Amino acid sequence: MTKDTQPPTTESLLERRAKLLGPNVPTFYDQPLHLVKGKGVWVWDAQGRKYLDCYNNVPHVGHCHPRVVEAIYQQASTLNTHTRYLHETMLDYIEQLLATFEAPFASAIMTCTGSEANDIALRMAQAVTGKRGVIATDHTYHGNTTAVSQLSKNMPPLGGYGEHVRHVPAPDSYRPLGGESGTAHALAFANQVQNKIDELEASGMGFSSLIICPYFANEGFPDLPKGFLDPVQKVVKQAGGIIIADEVQPGFGRLGSHMWGHQYIGLKPDVVTLGKPIANGHPVGAVVTSTDIMQQFRSAFKYFNTFGGNPVSSAAALATLQVLQQENLMENAQVVGAYTKHGLQKLAQKYNFIGDVRGVGLFFGAEMVLDKTSKMAATEFANRVANTMREEGVLLNKLGIYYNTLKIRPPMCFSQAHADLLLQTLDRVLEKTPLHL
Ligand code: PMP
């Protein structure tokens, strides 16, 4: 706030950011939001306007949840240090986190971001296989370290991709590879991965790992049946590779029926990476794996992270996990998610430009098309819808292979009343937004 308590204008904040941070610093929406307060599923801007947050998965158990705030406050006022000193909270947290996994997951490393977690996962695969080749989808994002930014197709690395990186087409349930869905789609995906494994082995680089989000969140969360990843899992294992499941987006019960995206789809990864929702906004990530892989990693690389697993971050993560479990937020995600998706399906019957409604739990959306026959992506329209929703006080966004899928992923305390508000607002916005300008 300025001295006369007037909030700064959007223009002045954008100008300061450009001056202080440089150009091209991303913001959401044509009219960027200046948020000053959050509570539960609500956020407030500097003018005091309230918005329904249907997008943020970082404040997983609700913005500023009092138990998480209290845990951070209590630990920050007692001690904060790093893991070269012994402290119980990180161990308590890892024990409780591991209890949500199945065998053989038995150990973890805490980091500060999802990027770092994926970076470690790649090194674990390197330690186990002695090779570096990695396969990812062609519409993924796994983070911003030098190693993981190499995987991103959206922002190709300057100087080109490293020889060790190979991409396969992302699964797309609405427009499946080869035009076939079900088993044929799954086999086509596995085939693509097999080809890239062969290429890596033939090049002498060798194949170390396949890294995927088990929900393909950044790829537009295609609607894939349980078992879809069985064939790909088989080819990776046969080649002696490691499967890394990036759970930064679907993890921590967001899909409602399962705690983890890999459990939902029936994948058995070797390494799982966590981030975003893990500590309700406090910067935490983690890598979870078997004792055997952890031992190989720890022998190959000496790893220490100054801030990873510090007592305050551990307390925040522990409180978030406990709130998630004690407030039954997974069950809530399942019930409210199904209710909201049903509402979206009804809207899809009304509007010809809603081509596909997808998702599960509190992670779903609708793909916008010019018409249902051609399935041509209505990217610009989806963008206008997201912006008009923001003007109408409901925050959501768009993503997917063609950036035409509305993405809805609210805090886990989202209720049916919130869903009604979202659906009514969306109906009003779809009614008044022209498909073509
Ligand atoms: N993996 C996935 C799937 C992500 O979506 C993201 C962030 N959007 C990351 C990793 C990176 O996480 P962070 O920004 O915490 O480094």
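Mentor: Before we start, helices here are DSSP runs of H or I with at least four residues and strands are runs of E with at least two, numbered from the N terminus. The model is predicted, so local features need pLDDT of at least 70, side-chain atom pairs count only at pLDDT 80 or more, and totals for chains, interfaces and linings use all residues. Residues are numbered from 1 along each chain as its sequence is written, and side-chain values use heavy atoms, leaving out hydrogens and water.

Trainee: Okay, where is N328 found?

Mentor: Look at its backbone: phi of N328 is positive though the residue isn't glycine, near 50°. N328 follows helix 10. That puts it in the loop between helix 10 and helix 11 (329-350).

Trainee: Is N328 buried, exposed or partly exposed?

Mentor: Buried means under 20% relative accessible area, exposed over 50%, and partly exposed in between (1.4 Å probe, protein chains only). N328 has 44% relative accessibility, so it counts as partly exposed.

Trainee: How far apart are the end C-alpha atoms of helix 10?

Mentor: The expected span is 1.5 Å times one less than the number of residues. Helix 10 has 16 residues (311-326), so it should span 22 Å, and the model agrees: the end C-alpha atoms are 22 Å apart.

Trainee: How many residues of helix 10 are buried?

Mentor: This helix is mostly covered. Of its 16 residues, the buried ones number 13.

Trainee: And N280, buried or exposed?

Mentor: N280 sits in the loop between strand 9 (271-274) and strand 10 (285-290), and has a positive phi near 60°. Its relative accessible area is 11%, so N280 is buried.
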